[in-house]
Amino acid sequence: MAALAQAASFGVVGLGVMGSMLALNLAEKTGENIAGFELDPSKAKAAEAKATKEGLGSAFKAYTDLKEFVDALTTPRRIVMLVPAGKPVDSALAALGPLLDRGDCVVDGGNEWYENTERRAAQFSSLGLHYVGCGVSGGAEGARHGPSLMAGGPREAFDLLEPTLKKIAAQVDGPCLGYFGSGGAGNYVKMVHNGIEYGDMQLIGEAFLLLKNTQNGKGLSRTTKDCARIFDKYNRGKLKSFLVEITAGLLKKRDDRSDAMLVDQVLDSCGSKGTGKWTVQEFAEKGVACGTVAAALEARYLSALVAQRRRFASIATVGVHEDLCPRIPEAVLEDALLCAKICSYAQGMSLIRTTSLQKGWAAEPDSVLRCWQGGCIIRADLLKDFRKAYADDPSLENLLMHPSIVAILTKDRIHAWRAVVGVAVQRGLPVPALSASLAYYDSLRRPYLENASLIQAQRDCFGGHTYRRRDDPDGTHTTQWLA
């Protein structure tokens, strides 16, 4: 491919699936020249071929020499990296940093641990360089046509990037782009997004398991094809979302090796790349409850024990009494899924609020939710309801506490939720996220938790950890409980 006629206005390091797609998005939406860098010559060549195929060949060039790549960029240079998190990022920066000039800006667009971003930002700042952590959500399709972008770092660096990022972001009531504060704020919001994603995916998976293992109104077990129709129906209602939409679609895919549906041939073992674990660890660090997200992470770990589960299934006692196990109507499951889904978002928003206040970030609820309305994996119609709630009360401690959300969680829907969890328990069907969401809801709604009183008494009894009294909440007390 011939050299670019003019210098490139933006550079992309890492031309794998995400990087090459983002480079094409930049070339198309900005109308400017874009340069890419890739160590693997075959990936560089493939990215150029893709650009040519899409009619963008004259606006994109891939380099395999890092200095040539840097020299091809206008100054101040704007470079986004899409390489695996951790050591690969440090290696890339070690090679890239010495070639940059003061005022240049590097953006890490990967799923990086936010404290790594803050460490790198401090190192770059000492050299007069800008470092921005920007979560990119939406997968390859989003990267190509419009992702959700969650940025954090120096404000002056974001100002340098913003005009371009606005053009390439998903567009729903404006660009799905947010600036959430200094340091690793952008990576943090993306991390929480992924935690909510874990919860939402597990909830949908549990709904599928329940549909497949309970009867319809005619006493027949539902097929995968039936389930596809049901999720299609759900996606036309209050549950309308990207994840429900793609679930309906993938349940319709037939296996090209047999007459079965493809999803039924997929090994029942979930993978994870670490962001779910980070999110649960961060919930624990900040002392914020995360029942749904934690249950989803644990469910993935349990799913991976395929051989162990197969062995235990052959010896375990089921203890199910079919006469005591009613069916689960589609509408009842829909209500349960809706209620539990709201809890997953409520937990994530509570963590963002807590950390943003502690660190002085600008991760306001409305700006976070607006950023998630398009492009990202957890986009859903419900976000409109959530934005209205926070617009009415920006200081809302927990999403569940706003009257408009309480109005969604009607008595009938809560009753349906309890019924679904109850039937699942009676049938021996694991629904950890649906159950954890319900426990989260029930814990929040109780004015007194007797179990907490007892646990604190136990702690004081064996460890002298003290306790507070209901009639003296500001004082501390200790007692010789067994004297």
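Colleague: Why are H4 and H5 called roughly parallel to each other?

Modeller: Helix H4 (residues 87-96) and helix H5 (residues 114-126) pack at an angle of about 10°, with their axes 12 Å apart, and because angles under 35 degrees count as roughly parallel, H4 and H5 are given that description. The contact (heavy atoms within 4.5 Å) is made by Val89, Asp90 and Leu93 of H4 together with Arg119, Arg120 and Phe124 of H5. This is a predicted model, in which local features need pLDDT of at least 70 and side-chain atom pairs count only at pLDDT 80 or more, while totals for chains, interfaces and linings use all residues. Residues are numbered from 1 along each chain as its sequence is written, and side-chain values use heavy atoms, with hydrogens and water left out.

Colleague: What makes leucine 210 count as buried?

Modeller: Leucine 210, which lies in helix H8 (residues 185-213), has 0% relative accessibility and therefore counts as buried, since buried means under 20% relative accessible area, exposed over 50% and partly exposed in between, with a 1.4 Å probe and protein chains only. Not counting residues up to four places away in sequence, leucine 210 touches Ile328, Leu333, Val420, Ala424, Leu429, Val431 and Leu434.

Colleague: Is asparagine 398 buried or exposed, and why?

Modeller: Its relative accessibility is 7%, so asparagine 398 counts as buried, although asparagine 398 lies in the loop between helix H16 (382-392) and helix H17 (403-408). Asparagine 398 touches Ala346, Ser350, Tyr440 and Leu444, residues up to four places away in sequence not being counted, and a polar atom of its side chain lies 2.9 Å from the backbone nitrogen of leucine 400.

Colleague: How do you know whether aspartate 173 and threonine 466 are buried, partly exposed or exposed?

Modeller: Aspartate 173 counts as exposed because its relative accessibility is 67%, whereas threonine 466, with a relative accessible area of 29%, is partly exposed. Aspartate 173 is found in the loop between helix H7 (155-168) and strand E8 (177-179), and has a positive phi of about 55° although it is not a glycine. Threonine 466, found in the loop between helix H20 (450-463) and strand E9 (467-469), is not a glycine either, yet has a positive phi of about 70°.

Colleague: What makes E2 and E3 a pair of strands?

Modeller: Strand E2 (residues 34-37) is joined to E3 by 4 bridges, and the two run parallel; two strands pair if DSSP finds at least two bridges between them, so E2 and E3 qualify.

Notes. Polar contact = N/O pair within 3.5 Å; in protein donor to acceptor, adjacent residues only side chain to side chain. Axes fitted to C-alpha atoms, helices over the stretch in contact; angles between N-to-C directions. Parallel < 35°, antiparallel > 145°, perpendicular 65-115°, else oblique.
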